[in-house]
Amino acid sequence: MADVNHRGEEETESGWADLTHECLLNILTRLTLQDRWLGTMLVCKSWMQGSKDPSLHSVFDLESFFKSRPSESSRWWNPEFERKIDNMLLSVVDWSDGGLTEIRVRHCSDRSLFLVAQRRRHALLISRN
């Protein structure tokens, strides 16, 4: 699709939205969880949908992020941060389409873990170091 810029010249879009689903998933699997949540979901609608693919959500691991930044973990924690982690976790459970097998997270509520357990039909490894 082409647009017209301020000088009246025709411009073409970058094509990022036109990647095949398989190609997009190949890109997304190479990114960290944080990069997928903080960057790719904001590129365009097709990238947002691709970021929700169940194959990307078999493991929810925020501990590897915090292990590399131990001082930040305690500094960030507050009730609002816990709510954000809870919301992320519940989204991942929905997006995983039953494929979530492992959760590694410290800053979530017992209530969200209870909701995760209710939505799951088989065993799940949960680590709350």
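**Figure 1. Val105 in the loop between E4 and H7.** Val105 is buried, its relative accessible area being 1%, in a model that is predicted. The residue belongs to the loop that runs between strand E4 and helix H7. Asp86 lies 19 residues away from Val105 along the chain, and the C-alpha atoms of the two are separated by 9.9 Å.

**Figure 2. Ser109, a second residue of the loop between E4 and H7.** Ser109 is placed in the loop between E4 and H7, and with a relative accessibility of 13% Ser109 counts as buried, because the value is under 20%. When residues up to four places away in sequence are not counted, Ser109 touches Glu82 and Asp86. Arg83 is 26 residues from Ser109 along the chain, and a distance of 7.9 Å separates the C-alpha atoms of this pair.

**Figure 3. Ser112 and its contacts.** Ser112 is found in helix H7 and is buried, with a relative accessible area of 1%. Once the neighbours within four places in sequence are left aside, the residues in contact with Ser112 are Asp86, Leu89 and Leu90. For the pair formed by Ser112 and Asp86, the separation in sequence is 26 residues, while the distance in space from C-alpha to C-alpha is 5.7 Å.

**Figure 4. The packing of helix H6 with helix H7.** Helix H6, which spans residues 79-96, packs with helix H7, which spans residues 110-119, and the axes of the two helices are 10 Å apart and form an angle of about 5 degrees. Because angles under 35 degrees count as roughly parallel, H6 and H7 are described as roughly parallel to each other. On the side of H6 the contact is made by Asp86, Leu89, Leu90, Val93 and Asp94, and on the side of H7 by Ser112, Leu113, Leu115, Val116 and Arg119.

**Figure 5. Asp97 in the loop between H6 and E4.** Asp97 has its place in the loop between helix H6 and strand E4, the strand that covers residues 102-104. The phi angle of Asp97 is near 55 degrees, which is a positive value in a residue other than glycine.

**Figure 6. Cys23 and Cys44.** Cys23 has a relative accessibility of 34% and therefore counts as partly exposed. Cys44 is likewise partly exposed, with a relative accessible area of 22%. When the whole structure is searched for disulfides, zero are found.

**Figure 7. The whole protein, as a setting for the close-up views.** The protein is built with seven helices and five strands, and these elements follow one another along the sequence in the pattern β-β-α-α-α-β-α-α-α-β-α-β. Of the 129 residues in the protein, 35% are buried. The protein exposes about 8,400 Å², and carbon and sulfur atoms supply 53% of that area. Among the contacts between residues at least 6 apart in sequence, 54% join residues that are at least 24 apart; the contact between Ser112 and Asp86 joins residues that are 26 apart in sequence.

Terms used
Residues are numbered from 1 along each chain as its sequence is written. This is a predicted model: local features need pLDDT of at least 70, side-chain atom pairs count only at pLDDT 80 or more; totals for chains, interfaces and linings use all residues. Side-chain values use heavy atoms; hydrogens and water are left out. Helices (H or I, at least four residues) and strands (E, at least two) are DSSP runs, numbered from the N terminus. Buried means under 20% relative accessible area, exposed over 50%, partly exposed in between (1.4 Å probe, protein chains only). Contact means heavy atoms within 4.5 Å. Accessible areas come from the Shrake-Rupley method with a 1.4 Å probe; for residues, only the protein chains shown count as cover. Axes are lines fitted to C-alpha atoms, for helices over the stretch in contact, and angles run from 0 to 180 degrees between N-to-C directions. Angles under 35 degrees count as roughly parallel, over 145 as roughly antiparallel, 65 to 115 as roughly perpendicular and the rest as oblique. A disulfide is a pair of cysteine sulfur atoms within 2.5 Å.
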